[in-house]
Amino acid sequence: MSDVKKVVLAYSGGLDTSVIVKWLQEEYQCEVVTFTADLGQGEEVEPARAKAQALGVKEIFIEDLREEFVRDFVFPMFRANTIYEGEYLLGTSIARPLIAKRLIEIANETGADAIAHGATGKGNDQVRFELGAYALKPGVSVIAPWREWDLTSRETLMNYCEEHKIPVDFSTKKKKSPYSMDANLLHISYEGDQLEDPWIESEEDMWRWSVAPEQAPDTPTYIEIEYKHGDPVAINGEEMSPATILETLNKIGGENGIGRIDIVENRFVGMKARGCYETPGGTIMLRAHRAMESITLDREAMHLKDEIMPRYAKVIYNGFWWSEERRMLQALIDASQEFVSGTVRLKLYKGNIEVVGRKSPYSLFDSSVATFEDDAGAYDQKDAAGFIKLNALRMRIAAQKGRTFLDRD
């Protein structure tokens with residue numbers, strides 16, 4: 001018999017996690033606590049309460065975490081201009097450490113000795129959930145049903161529901177998307193079905209948050225985003241909370257066909273996977289933040305950030321948010337944002353984002369030095385000769401010693 005007496009399950013209210021509730025009760029003979037997080041996925045989460053109650057769950061946690069998600073996870077990540085493998089804005093990855101945190105907090109509050117999740121044994125999410133859980137509560141037990149049971153298809157799950165009298169009207173009456181999807185305020189992802197062939201183009205009716213660029217308005221949309229210390233705080237002069245800013249940018253970006261990508265990425269568990277992502281607000285924020293940094297960050301500070309960004313992105317993608325290296329990197333990134341304040345003006349048009357203006361009280365752009373007109377002695381062009389000769393010295397010496405690049409294999 002299992003030593004697990006009570007387990008906290010990350011519960012969506014869907015077919016998989018409803019089966020998991022009953023499976024845990026049957027296999028582990030334990031009490032199940034459910035936790036449902038509203039991260040802005042665009043679907044009502046409260047119905048999960050009735051579904052959990054119907055399964056005999058007595059302790060049910062349903063929480064609105066949208067503001068915490070954007071403020072404490074999305075914004076810190078975007079201060080680094082984070083992209084994984086040049087394209088992916090880490091919409092799924094960045095939600096997992098928050099869910100892991102609340103699973104552990106609820107386990108502590110309820111006296112549970114285990115947590116459970118519905119991630120499969122092939123994906124990254126199992127790693128992210130469990131690394132976070134172990135970092136925050138080293139002795140916790142983790143139950144991952146997809147690595148234990150023999151229910152390997154939707155048909156076997158439905159049969160299990162019938163056998164155990166689990167109500168599944170919510171699964172059968174609605175049209176089921178053929179894709180495996182994950183959504184939160186930052187993005188929505190699509191995997192599986194025909195997307196498993198990387199040669200086949202995605203169907204237009206798959207996308208939910210954005211219009212196709214060719215269907216976007218024929219006139220551009222202009223917006224202004226105000227930044228303070230690296231985080232957006234207002235749109236078009238109106239101050240908003242972090243979650244409201246991202247919601248607003250999602251709407252504006254989606255209407256203009258912005259934020260769709262179709263990529264093949266390298267999962268931490270070793271395989272390649274094809275995924276399609278919609279990240280309209282995040283795509284806008286990334287472009288605007290880089291524009292803000294372009295006039296407020298010192299050159300070498302900017303270059304250092306660009307050098308560490310791929311490492312920081314990999315840390316988040318692989319599930320190491322609650323690690324010492326992420327905290328160290330975050331401290332450096334946050335220190336760089338002291339003067340990243342001001343306003344960026346953007347032009348959105350048929351899937352494209354163009355930066356058309358940027359200003360800041362901390363701008364390092366000096367028109368008196370950069371001008372092509374008379375700079376009144378602000379910059380002595382004769383100084384460039386010595387600068388160039390000193391930088392060429394090592395190459396000149398090498399060439400004099402016969403290390404020429406001409407006629408060299």
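Let's start with Asn124, which counts as buried because its relative accessibility is 7%; buried means under 20% relative accessible area, exposed over 50%, and partly exposed in between, with a 1.4 Å probe and protein chains only. Keep in mind that this is a predicted model, where local features need pLDDT of at least 70, side-chain atom pairs count only at pLDDT 80 or more, and totals for chains, interfaces and linings use all residues. Residues are numbered from 1 along each chain as its sequence is written, and side-chain values use heavy atoms, with hydrogens and water left out.

So what does Asn124 touch, not counting residues up to four places away in sequence? Its partners are Glu265, Arg267, Phe268, Val269 and Tyr317, where contact means heavy atoms within 4.5 Å.

Asn124 sits in the loop between E4 and H5. Helices (H or I, at least four residues) and strands (E, at least two) are DSSP runs, numbered from the N terminus.

Thr120 is found in the loop between strand E4 (114–116) and helix H5 (125–136). Thr120 counts as partly exposed, because its relative accessibility is 37%. Setting aside neighbours within four places in sequence, Thr120 contacts Gln126 and Trp146.

Now for the record. An unreviewed UniProt entry annotates Thr120, Asn124 and Asp125 as "binding site"; such annotations may be inferred rather than shown by experiment, feature names are shortened, and positions follow the numbering used here. The unreviewed entry also gives "domain: Arginosuccinate synthase-like N-terminal" for residues 6–167. That span, 6–167, is 44% helix and 15% strand, and its end C-alpha atoms lie 23 Å apart.
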